Amino acid sequence: MQRARLLLFRDRLRAGMRACGLKNMEALSRASGISVATLSRYMGGDRLPSTPMLMQLSDCINTTMDWLAGYSSSEAAARIARTSELSALEYGDRLLPIDVE
């Protein structure tokens, strides 16, 4: 199970890189601020990123952490959700507060 998750993450990171025009790990490193050595471990299927690293990577390739980590199966839904999140942040002062009980 763990190996399958590692490979799924790696494949999704590659797909996200392609979709954003990031041609190699150096380009992803520059865009994300994550070292090439760390990215190499992710791309080699050797380890999964920590939550802060996952957040940086998902922001960089414009998708959700859920999709990138393999908890969501639809990339299109992830991109729509990500766009909605960005819109909510951009216009946050116009949103009504949500009462959570």
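User: Is Phe-9 buried or exposed?
Analyst: In this predicted model, Phe-9 has 1% relative accessibility, so Phe-9 counts as buried (buried means under 20% relative accessible area, exposed over 50% and partly exposed in between, with a 1.4 Å probe and protein chains only). Local features here need pLDDT of at least 70, side-chain atom pairs count only at pLDDT 80 or more, and totals for chains, interfaces and linings use all residues. Residues are numbered from 1 along each chain as its sequence is written, and side-chain values use heavy atoms, with hydrogens and water left out.

User: And how many aromatic pairs are there?
Analyst: The structure holds 1 aromatic pair, where pairing of Phe, Tyr and Trp rings (for Trp, the six-membered one) needs centres within 6.5 Å, and planes under 30 degrees apart count as stacked, over 60 as edge-to-face and the rest as tilted. The rings of Phe-9 and Tyr-42 have centres 5.9 Å apart and planes at 90°, so this pair is edge-to-face.

User: Which helices do they lie in?
Analyst: Phe-9 lies in helix α1 (residues 2-19) and Tyr-42 in helix α3 (residues 36-43), so the pair ties together parts that are 33 residues apart in sequence. Helices here are DSSP runs of H or I with at least four residues, numbered from the N terminus.

User: New topic: which residues are buried in α4?
Analyst: In helix α4 (residues 51-60), the buried residues are Leu-54, Leu-57, Ser-58 and Cys-60. They cover an arc of only 160° around the axis (taken from the directions from the helix axis to the C-beta atoms), which puts them on the same side of α4.

User: What is exposed on the other side?
Analyst: Thr-51 and Pro-52 are exposed there.

How values were computed:
Helices (H or I, at least four residues) and strands (E, at least two) are DSSP runs, numbered from the N terminus.
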